[in-house]
Amino acid sequence: MAAGSGGLKDATAIVGIGQTPFAKRLPEDERTLACRAVLAALDDAGIAPGEVDALASYTMEETDEVELAKACGFGDLTFFSKVGYGGGGSCATVAHLAAAVATGQANVGVAWRSRKRGSGPRPWTSTAVQLPTPAQWTRPFGLLRPVDEIAMLARRYLHEYGATRDHLFNVALACRNRANQNPAAIMYDRPLTREMYMTSRWISEPLCLFDNCLETDGALACVVVSAERARDCRRKPVYVHSAAQSLPAQHHGMVNYWNDDPLTGPAWTAARHLWKHSDLTPQDVDVAQIYDAFTPLVLLSLEGYGFCGRGEGGAFTEGGALEIGGLLPVNTGGGGLSEAYVHGFNLVNEGVKQLRGTSTAQVPGASACLVTAGEGVPTSALLLRS
């Protein structure tokens, strides 16, 4: 479908990806990291910075469009957007650019995320400002951090469906195994065993240290152009086949207090829209990059996006199902649990690598990849194809 015709399906493609090194502490500031990731993505695509006319990032991104445009040497910008809700916005940044390019609002879009979470402050620690309304229903009662909120959902899930910590371990292990194949991953040289997992300290029971994502400094970016333009770029294009955002009715971030079923989160709403506008089904997906700030989010997402039935996410992970050669290989760069946590943008880039055939843990013949953003918050998703 040609750009400008009004449809998103396969009308645009990701043609460049870039990233900085990942570490607990990097010396550069966030703007410098952002510029390096963006320029690397443009170089990967073979596109000059002066051709960029669209930008998309997160509301939590510290580097604004004016700074980035001046520092990188962009031309006139005709489209720019930012998406809220932290990791829930990762896929939406690409979706916004795809919509802009497909409707003729722009020609070359760049999405990025730069973050110094490893060496910087934790966003929930500030007590200088009044709590936002949703937090007034959680933090005074002991749910101080995102992990505390997800731990409550996890406890309910384990109780409701008979899942166990071994199922959560399966998620953590699959991500760590893939990181052990990825030299860019923070956990590249640090294997994980069941004994290590089961004896690690609690962070918020029933979630232990290895159920939690990393805290990382780093930046990533990608470049989106029309499908027609993509054919002339330096790299094999990866097409944006379908995209979705989701903010369910009566949603309350992380805890879903007001829903009839708190375990039916934003993934379910996003999935309905994603598959409605796709020629593919869950059975056609060869590999998935599922947002993994915490291991239970992967179980909830497996169900929400239709890979298994309600309450079957735990059982789905058994028998190496999430490993290479399993039913659904996931987070093949290591994910947020073991590669880096940069609000999920590394999952977008890893999806591109899989469909280019250049991943460090390549799924043979992969031609369709699901990428998801944060579950538990207003979210987004992409279905990419080669």
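**Ground rules.** The model is predicted, so I keep to local features with pLDDT of at least 70 and to side-chain atom pairs at pLDDT 80 or more, while totals for chains, interfaces and linings use all residues. Numbering starts from 1 along each chain as its sequence is written, and side-chain values use heavy atoms, with hydrogens and water left out.

**Sheet.** I took helices (H or I, at least four residues) and strands (E, at least two) as DSSP runs, numbered from the N terminus. I count strands as paired if DSSP finds at least two bridges between them. Nine strands make an open, mixed sheet, ordered β3-β2-β4-β7-β1-β8-β11-β10-β9. The edges are β3 (79-83) and β9 (287-289); each has a single partner strand, so one side of each lacks a neighbour in the sheet. From one strand to the next the twist averages 25°; axes here are lines fitted to C-alpha atoms, for helices over the stretch in contact, with angles from 0 to 180 degrees between N-to-C directions.

I then looked up β8 (238-246) and β11 (379-385): they run antiparallel and are joined by seven bridges. Alanine 244 sits opposite alanine 381 in β11.

**Helices on the sheet.** Contact means heavy atoms within 4.5 Å. Helix α1 (30-45) touches β1 (12-19), β4 (109-116) and β7 (217-226), at about 130° to the direction of β1. Helix α12 (345-356) makes about 115° with β1, and the strands it touches include β2 (54-58) and β10 (368-372).

**Helix α4.** This one covers residues 146-161 and spans 22 Å from first C-alpha to last, close to the 22 Å expected (1.5 Å times one less than its number of residues). Its buried residues (under 20% relative accessible area, 1.4 Å probe, protein chains only) include Val147, Ile150 and Tyr157. Among what covers them I noted β5 (202-204) and α9 (295-304). I also checked aspartate 148 in α4: it is buried, at 9%. Leaving out residues up to four places away in sequence, aspartate 148 touches Gly142, Leu143 and Ser204. Just after the helix, glycine 162 has a positive phi of about 75°.

**Cavities.** I used a 1 Å grid over the protein atoms alone; a cavity is a set of points where a 1.4 Å probe fits but cannot get out, and lining residues have an atom within 4 Å of a point. Two cavities reach 30 Å³ or more. The largest holds about 40 Å³, and its lining includes Leu153, Asn256, Pro262 and Glu375.

Key: Buried < 20%, exposed > 50% of the residue type's maximum accessible area, 1.4 Å probe, protein only. 1 Å grid on protein atoms, 1.4 Å probe; cavity = no way out; pocket = protein on both sides within 12 Å on 5 of 7 lines; lining within 4 Å. Points joined across faces, edges and corners; volume = space filled by probe spheres on them.
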